[in-house]
Amino acid sequence: MDGTLRDAGGAAAITLAGIGKRFPDGTQAVHDLTLRIPAGQLVVLIGPSGCGKSTILRMINRLIEPTSGRILLGEEDVTRVDPVQLRRRIGYVIQHVGLFPHQTIRANVGTVPRLLRWSRDRIRKRADELLDLVGLEPARYAKRYPHELSGGQRQRVGVARALAADPVLLLMDEPFSAVDPIARGRLQEEFLRLQATVRKTIVLVTHDLDEAVRLGDRIAVLSQGGRLEQYAEPAHLLGAPATPFVQEFVGTDRAIRRLAVTPVAPDLLAPPDGPGELPVVALGTSLYDALAAILVAGTEHARVVDAAGQPVGLLDRRRILDAG
């Protein structure tokens, strides 16, 4: 093994090079999939049930062996690496968390570091650091047991546990689907904040297009048999579906979704002169939120300001609609 797999930490690109999976009954779950995920990016796999999303994740960490192709983590072919050692360097978050009910939250987070024979003090320090990072104060939560936490809190512990050994790759299989919609939205916000801090390479499976658009740096849309229909940034995917399948999958309301992931940018702005009483939005605000501010105020424009609060231009409602 080279240093990519020996030394945990940082982030590594992952390349799926023509991977396929045919089960003994003849089912072709994944068909000749080629995909490159840059280091530090979050890529979402999405598609209808049975399109091979979870199978792809399980092939990456060798829970399922691919029938054909190569999987590269950095420059290393993971199909030639000891699978147990590999999994200890890849974080894995699943829908129902899978915490050990008889262990404290701190002990759950420290599971992989214990397998790696870290010292007790180092494990404790790392667990408490991660609990704090996911918004669970160690003094309050570290000695509790899973049944004493809400579903959303248990999911946060699952993320902390996956990050404990500072993996180069994080795999997430429907991580937020088992919690209620309000908690899901909060978890997504917290996860975006967390990813901005740790910048891991992440492959996330979801069936929720809104979640994919909200979280993904790029989205891979798969059809039956694990066939790649389109791989693109959210705004491009929504604005220019590459195939009839993608167009149908993203739906007729894709313009609204596109506004939610397109920021207010200088090239959309008119000069800052205009009426005094206008709603104010910041550069970088989503066009969806800017349009909402305009509609609530009953105006045709919003005044856009920079980080220092200085006006930089006017945003016209028609320009927003055109962008959508």
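**Figure 1. Buried residues of helix 2.** In helix 2, Lys 53, Thr 55, Ile 56, Leu 57, Met 59 and Ile 60 are buried, where buried means under 20% relative accessible area, exposed over 50% and partly exposed in between (1.4 Å probe, protein chains only). The model is predicted: local features need pLDDT of at least 70 and side-chain atom pairs count only at pLDDT 80 or more, whereas totals for chains, interfaces and linings use all residues. Residues are numbered from 1 along each chain as its sequence is written, and side-chain values use heavy atoms, with hydrogens and water left out. Because 6 of the 8 residues of helix 2 (residues 53–60) are buried, this helix is largely enclosed by the rest of the structure. Arg 62, which follows helix 2, has a positive phi, near 70°. Helices (H or I, at least four residues) and strands (E, at least two) are DSSP runs, numbered from the N terminus.

**Figure 2. The aromatic pair of Phe 176 and Phe 191.** A search of the whole structure finds 2 aromatic pairs. Rings of Phe, Tyr and Trp (its six-membered ring) pair if their centres lie within 6.5 Å; planes under 30 degrees apart count as stacked, over 60 as edge-to-face and the rest as tilted. Phe 176 and Phe 191 form an edge-to-face pair, with 5.9 Å centre to centre and 65° between the planes. This pair links distant parts of the chain, 15 residues apart: Phe 176 belongs to the loop between strand 7 (169–173) and helix 9 (181–198), and Phe 191 to helix 9. Phe 176 and Phe 191 are both buried.

**Figure 3. The aromatic pair of Phe 245 and Phe 249.** The rings of Phe 245 and Phe 249 are stacked, at 6.2 Å centre to centre and with 10° between the planes. Both residues lie in helix 12 (residues 244–250), 4 residues apart, or about one turn of the helix. An α-helix has 3.6 residues a turn, so residues three or four places apart point the same way. Phe 245 counts as partly exposed because its relative accessibility is 27%; Phe 249, at 25% relative accessibility, also counts as partly exposed.

**Figure 4. The chain as the setting of the close-up views.** The secondary structure of the chain comprises 15 helices and 13 strands. Along the principal axes, the C-alpha trace spans about 65 × 50 × 35 Å. Of the 324 residues of the chain, 48% count as buried. Among contacts (heavy atoms within 4.5 Å) with a separation of 6 or more, 65% are accounted for by residues 24 or more positions apart.
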